[in-house]
Amino acid sequence: MPSFRFLHAADLHLDSPLRGLDADASAPAQRIRQASRDALGNLVRLALAEQVDFLVVAGDLYDGDWQDFRTGQALVAAFARLTRAGIRIVAIRGNHDADSVLTRDLRLPEGATLLAHKAPQTLCFEELGVAFHGQSFAQRAVVENIARAYPRPHPGLFNIGLLHTAAAGHAAHENYAPCSIEQLAGHGYDYWALGHVHERAVLHREPWIVFPGNLQGRHVNEPGAKGASLVTVRGGRVADVSHQPLDTVRWDRLSIDCTGTADMPAVLDRVSAAMQRAMDRAEGRLLALRIQLEGPCPAHLALVRDAAATRETIRSAGLELSEDDLWIEDVRIRTRPALELSALRARTDAVGRLVGAIEDLAASPDEALAAPVRDYAARLLDRAGLREALGEDHPAVLAAGGTLPLELLERARALLLARLAED
């Protein structure tokens, strides 16, 4: 029975366009843009160091059409380093690289195979005892269950299925090539190499059904370690599947509980400690952080009174930890005042009456605020000519349409209550 090792990668998104970085002068834009190529380089170095027998890539080698041919050249050069060392590559196209015009005729080096898109294709490495089955995307949106047409397993061989899919569905990804875990598990393959979902997940064991996640996180909604799966097969059975971090920029979200903090210095102590722990987890990579401050605290009013100053103060604290390997992408203030609302509500003066009105408003904000807020927001937007520029999901545009995000209302309520308590 066959024994070998291979790497399973997916969603390389080489030279993926990163929008909005240029708007922040503090952003290490070049390092972030280079990260997908650097991660690909790490994948090649890992394959060579581990002397794997082959590499499988389950779709989305790049994003749509290249900005220039250097993207394709970088991919070919990386793959050629592997094939020259005798490490073969089997890949499929996914939704992002299916509809590329410039890359349809991409010529991979000898020893690298891109499986066909018209129907499922089987490729065998007889000397290793491996059969690969897979189908590339012919167009971006493949909504049918293409895995149903995959060939039956080849007897006596270790069968690997390559599939770009959302499987049973994922909230953050389009439901392309849908299928169930039960369907894949019952198909008879020994390992399903999946792609499309950017979070690493082992959906099933025996047979193994694995999303390795993307090779490099691209934004704050793709936090944590990213990389590929190193698979060891002994005697025709999967002996080990281990995640290998390959990212060079680590994205992370920090929710920091500020409960009980009295002032800004106390908040900064907690933020700095949390940032240091996150940097330790990043292990020397560039760490891109989004920080959210939460919890009831006396420091709330100081934090929200000048939110821009709070953000810059926290960014300065980050610079004290590292000028090169830490970038704070955003700071979101979601603290609330540490108040005894019952005591405020019990007051018989104007403050007590206002607190009662605010509490009543919180129960049905849209009904109470829709008409006056809609008219006011609409006038401001039209006067400034900003409606189209801000976009449909901007709070001001939503307000002009008669609704306000509950989160925005809650923040305004907390600020007003904090000011009342201070008075």
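**Overview**

Analyst: Of the protein's 423 residues, 49% count as buried. Keep in mind that this is a predicted model.

User: How many helices and strands are there?

Analyst: The protein has 13 helices and 15 strands.

User: And what share of the contacts between residues at least 6 apart joins residues at least 24 apart?

Analyst: That share is 70%, counting contacts in the protein between residues at least 6 apart in sequence.

User: Which of its residues are buried?

Analyst: In α2 the buried residues are Thr71, Gly72, Ala74, Leu75, Ala78, Phe79, Ala80, Leu82 and Thr83.

User: What comes just after α2?

Analyst: Gly86 does, with a positive phi of about 85°.

User: Switching to α5 and α7. At what angle do they pack?

Analyst: α5 (residues 264-282) and α7 (residues 307-321) pack at about 45°, and their axes are 10 Å apart. The two helices are therefore oblique to each other.

User: Is that crossing left-handed or right-handed?

Analyst: The crossing of α5 and α7 is right-handed.

User: Which residues make the contact?

Analyst: From α5: Met264, Leu268, Val271, Ser272, Met275, Gln276 and Met279. From α7: Thr310, Thr313, Ile314, Ala317, Gly318 and Leu321.

User: How do the residues of that contact divide into nonpolar, polar and charged?

Analyst: The contact of α5 with α7 has eight nonpolar residues, five polar and no charged.

User: What is phi at Glu206?

Analyst: Glu206 has a positive phi of about 55°, although it is not a glycine. Glu206 is also placed in the loop between β9 and β10.

User: Buried or exposed?

Analyst: Glu206 is exposed, because its relative accessible area is 58% and over 50% counts as exposed.

User: And Asp11, what does phi look like there?

Analyst: Phi of Asp11 is near 55°, a positive value in a residue other than glycine. Asp11 sits in the loop between β1 (4-9) and α1. Asp11 is buried, with a relative accessible area of 1%.

User: Let's do Ala225. Where is Ala225?

Analyst: Ala225 is in the loop between β10 (208-211) and β11 (227-234). Ala225 is partly exposed, at 37% relative accessible area.

User: What does Ala225 touch?

Analyst: Leaving out residues up to four places away in sequence, Ala225 touches His243, Pro245, Asp247 and Arg250. On another note, 9.4 Å separates the C-alpha atoms of Ala225 and Glu199, which are 26 residues apart along the chain.

User: Last one, Thr232. Which strand is Thr232 in, and what does Thr232 touch?

Analyst: Thr232 is in strand β11. Thr232 touches Phe4, Arg5, Arg237, Val238, Ala239 and Asp240, again not counting residues up to four places away in sequence.

User: Why does Thr232 count as buried?

Analyst: Because Thr232 has 12% relative accessibility, and buried means under 20%.

Technical notes:
Residues numbered from 1 in each chain as written. Predicted model: local features only at pLDDT ≥ 70, side-chain atom pairs only at ≥ 80, totals over all residues. Heavy atoms only, no water. Buried < 20%, exposed > 50% of the residue type's maximum accessible area, 1.4 Å probe, protein only. Helix = DSSP H or I, 4+ residues; strand = E, 2+ residues; numbered from the N terminus. Axes fitted to C-alpha atoms, helices over the stretch in contact; angles between N-to-C directions. Parallel < 35°, antiparallel > 145°, perpendicular 65-115°, else oblique. Left-handed = near helix turned anticlockwise from the far one by under 90°. Contact = heavy atoms within 4.5 Å. Nonpolar A, V, L, I, M, F, W, Y, C, P; charged D, E, K, R; others polar.
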